[in-house]
Amino acid sequence: MDITVLFKLTYGLYVVGAMDGERPVGCVINTCFQVTSQNPILAISLNKNNYTLDAIKRSKVFSLSIIAEETDTSVIGTFGFCSSRDNDKYAAYGYETSGGAPLVKGTFAGRLILEAINFVDNETHVVVMARLKDTIKGEGTPMTYEYYHRVVKGKAPKNAPTYVEEKTETEQAADKATAQSNGKRKYRCSICGYEVEAEGELPDDFKCPMCRMAKEKFVPVE
């Protein structure tokens, strides 16, 4: 079965924020949809290993920030590729609170404040059904998951519902051959999977535009 057909389904990108006691936590998701129009109920999907899910179960209240094409892409790397268990994801951006939920500062297409009303077990993931409590207008064009892959050239975190294994050896060899034919080398961030091509070595001051990791975290794509 060719599961890449699932890539044709449309997705957005969102930052989920919740309070773990007095500490803000959060993550990036790509699965959210509106279930009802009257007194709106929405649904999001979170991996069972996700620490933010634990916080939502305790507090019941969470925020959803709709990532825009104009959003600082490092937000995706910071909130999507490390755990809130041992990282302060808000440190580089700051945050405000609304309705008891944290909102990471920055440019977003809009914000939603929701209250969890049900948790549905789906094997590896949990679908959280939540009632809309408030909205905050934003600016910019909502970033689709297709745009994220095609323009930002980002990868899906392993906890994401849409995660698939890395390319086969044949596909990796083809990518390497293409890069060599252009006189360039391809490097991949070992933290978030972001790939970049360069003539020779990466500059010493290079930082990953996704997760802000230094050059040392990049490895050649063999």
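Which residue in β5 is the bridge partner of G17? In this predicted model, the bridge partner of G17 in β5 is S63.

Residues are numbered from 1 along each chain as its sequence is written, and side-chain values use heavy atoms, with hydrogens and water left out. Because the model is predicted, local features need pLDDT of at least 70 and side-chain atom pairs count only at pLDDT 80 or more, while totals for chains, interfaces and linings use all residues.

**Strand pairing**

Strands (DSSP runs of E, at least two residues) and helices (runs of H or I, at least four residues) are numbered from the N terminus, and two strands pair if DSSP finds at least two bridges between them.

| Strands | Sense | Bridges | Residues opposite each other |
| β5 and β8 (residues 108–122) | antiparallel | 7 bridges | L64 and L112 |
| β10 (residues 185–189) and β12 | antiparallel | 3 bridges | C189 and F218 |

An open antiparallel sheet is formed by 3 strands in the order β11-β10-β12. Because β11 (195–198) and β12 (218–220) stand at the edges with a single partner strand each, one side of each is left without a neighbour in the sheet. The twist averages 35 degrees from one strand to the next, with axes fitted to C-alpha atoms and angles running from 0 to 180 degrees between N-to-C directions.

**Nonpolar cores**

A nonpolar core is a set of buried Ala, Val, Leu, Ile, Met, Phe, Trp, Tyr and Cys residues joined through side-chain atoms within 4.5 Å. The largest has 29 residues, of which Y148, M210 and F218 touch the most other members. At least two residues of this core come from each of α2 (74–80), α3 (145–152), β10 and β11, and α3 gives the most, with 4 residues. Apart from this core lies another, of 22 residues, including Y14, I29, C32 and L42.

**A pocket**

The second largest pocket has a volume of about 170 Å³; a pocket is an open set of points on a 1 Å grid where a 1.4 Å probe fits, with protein on both sides within 12 Å along at least five of seven lines, and lining residues have an atom within 4 Å of a point. The volume is the space filled by probe spheres set on the points. Its lining includes G77, F81, D88, K89 and M213, and by class has 5 nonpolar, 3 polar and 2 charged residues, where Asp, Glu, Lys and Arg count as charged, and Gly is among the polar ones.

Terms used
Buried < 20%, exposed > 50% of the residue type's maximum accessible area, 1.4 Å probe, protein only.
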